[in-house]
Amino acid sequence: MSYRTEEVAYVQPAQPSVAASVQAAQPQRSTAEYRALDAAHHIHPFSDMGSLNRSGSRVIVKAQGVYLWDSEDNKIIDGMAGLWCVNVGYGRKELADAAYRQMQELPFYNTFFKTTHPPVIELSALLAELAPEPFNHFFYCNSGSEGNDTVLRIVHQYWATQGKHSKKFVISRKNGYHGSTIAGGTLGGMGYMHDQMPSKVENIVHIDQPYFFGEAEGNLTPEEFALARAQQLEAKILEIGADNVAAFIGEPFQGAGGVIFPASTYWPEIQRICRKYDILLVADEVIGGFGRTGEWFAHQHFGFEPDLITLAKGLTSGYVPMGAVGLHDRVAKAIIENGDFNHGLTYSGHPVAAAVALANLKLLRDEKIVERVKTDTGPYFQKKLRDTFANHPIIGEISGAGLVAGLQLAEDPKARKRFANGGEVGTICRDFCFNGNLIMRATGDRMLLSPPLVINKLEIDEIVSKAKKAVDATAQQLGIS
Ligand code: PXG
């Protein structure tokens, strides 16, 4: 055998078929094998990897509607819409088709250098139609975190165009969540994240959150407490000096912080203060946007008008990553009329993400999914939760609207007394949910629900009855009945 023959044999291996290579990319393995490989090579977000690797992850392999299946063929009802994002539910072919068609037509092109493309144009026009009247311009990115980084860039550019260069401070809230990039993490008020971030973004300060159950003292009503918390913004502005404050950012309701719904007095007061001191008001709509409360955007539920909105999650129902920032006309005008805005990401307005977002928004609109949340499934869900848990011995508060809710676990609900070690109780309850094939999220001692917006009443009944079993089992384990 000559050297040359060997060389030919080497450079011309049999090419696997496309089908075989797809199969090779997703081999069918046993749960144990998946877990071992996951533990060996995968670092999960926000996880204690040592402990997770010892217990092993649950391997989720497929999904349809509001249900997930794991690698042991357990059917699990998803009370969290993935991670607050799968608004149209799993398995919508329209979204897969949109991605497939766009990948064949134009899988990528940038929008940096005097070019654009149909999906991003159509998406922007549709968003302008669906968003409240003054929102007619959108900037794109890949996630909510990048959306909030973008918000900071726009806020600073806006004040530069107004000649107000000293307006640099951004005020946010403790226990708010705005993402996990350095800017997102600094804007957020999660102490356990700040502790691991020796480098933070400058000029970001926090005020207290409007968390009535956990933080109201004395005999304040929820409305009085919310007003007092909003007025902390005014005090903070006066402390820093209005000429130095650029913006206030908040989630209309805090999602990851525990589905904390402020009383009706909160947002009008925040808006009044922002207007009085000429400060931009930013609504982080990453969770609240696209129908969660029964309105297209959560700030509409609370009745205020922000200057900027951060979008992600429900924008694509999580089928592909995409985030965006919506600019109020007065902010957009300043950005448009004042030269270069030096910000952008390779994938700003990615054509495949834009095509999927477009298909997703059309489903939400044409199937009247948001209207159904407002008039039918949302009220049903909220009533069912209140009927089931109002007098439960360890439930102190039920918050929410539309298809998002928080259940406050409490040692003495009437006295608003929380468990001494709240996080542990939440974890116990979360584990009972998980073992009962219900996905529910625990934030400290608050149990959270945010199911796909396409959920029907039977499925809502299933979630609530499984949640009841888990909360009962938690009470029993704690010896409370
Ligand atoms: N703003 C808000 C209000 C969010 O809820 C982000 C920004 C950041 O988005 P990205 O796409 O960068 O993750 C979020 C994200 C949880 C949880 O456990 C919540 C989020 C992300 C991950 C976990 O509740 N929210």
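Which helix does Ala 36 lie in? Ala 36 belongs to helix α3, residues 31–41, where helices are DSSP runs of H or I with at least four residues, strands are runs of E with at least two, and both are numbered from the N terminus. Before I go on, please keep in mind that this is a predicted model, in which local features need pLDDT of at least 70 and side-chain atom pairs count only at pLDDT 80 or more, while totals for chains, interfaces and linings use all residues. Residues are numbered from 1 along each chain as its sequence is written, and side-chain values use heavy atoms, with hydrogens and water left out.

Ala 36 is partly exposed, with a relative accessible area of 47%; here buried means under 20%, exposed over 50%, and partly exposed in between, with a 1.4 Å probe and protein chains only. Between the C-alpha atoms of Ala 36 and Thr 310 there are 38 Å, and the two residues are 274 apart along the chain.

Let me turn to the ligand. Its shell holds 16 residues, of which Trp 84, Gly 144, Ser 145, Asp 284 and Arg 441 come nearest, a residue being near if one of its heavy atoms lies within 4 Å. By class, the shell divides into 6 nonpolar, 6 polar and 4 charged residues, where Ala, Val, Leu, Ile, Met, Phe, Trp, Tyr, Cys and Pro count as nonpolar, Asp, Glu, Lys and Arg as charged, and the others, Gly among them, as polar. Helices α5 (81–84) and α8 (144–161) each supply at least two residues of the shell, and α8 gives the most, with 3 residues. Domain 1 (58–89 + 369–478) and domain 2 (94–366) both give residues to this shell, so the ligand lies between them; the domain bounds come from an automatic or database domain assignment.

As for polar contacts, which are pairs of N or O atoms within 3.5 Å, an oxygen atom of the ligand is 2.6 Å from a side-chain N or O atom of Arg 441, and an oxygen atom of the ligand is 2.8 Å from a side-chain N or O atom of Trp 84. A nitrogen atom of the ligand, in turn, is 3.5 Å from a polar backbone atom of Tyr 177. Taken alone the ligand exposes 540 Å², and the protein buries 83% of that, with areas computed by the Shrake-Rupley method and a 1.4 Å probe.

My last topic is salt bridges. The whole structure contains 26 of them, each defined as a side-chain nitrogen of Lys or Arg within 4 Å of a carboxyl oxygen of Asp or Glu. In one of these, Asp 278 and Lys 164 meet at 3.1 Å, N to O. Asp 278 sits in the loop between α13 (266–276) and β8 (280–284) and Lys 164 in the loop between α8 and β5 (169–173), so the pair ties together parts that are 114 residues apart in sequence. Asp 278 is partly exposed at 36%, and Lys 164 is partly exposed at 35%.

Arg 418 and Asp 445 also form a salt bridge, at 3.1 Å from N to O. Finally, Glu 234, Glu 269, Arg 272 and Lys 276 are linked in a network of salt bridges.

Note on methods:
A polar contact is a pair of N or O atoms within 3.5 Å; within protein, one must be able to donate a hydrogen and the other to accept it, and residues adjacent in sequence count only if both atoms are side-chain atoms.
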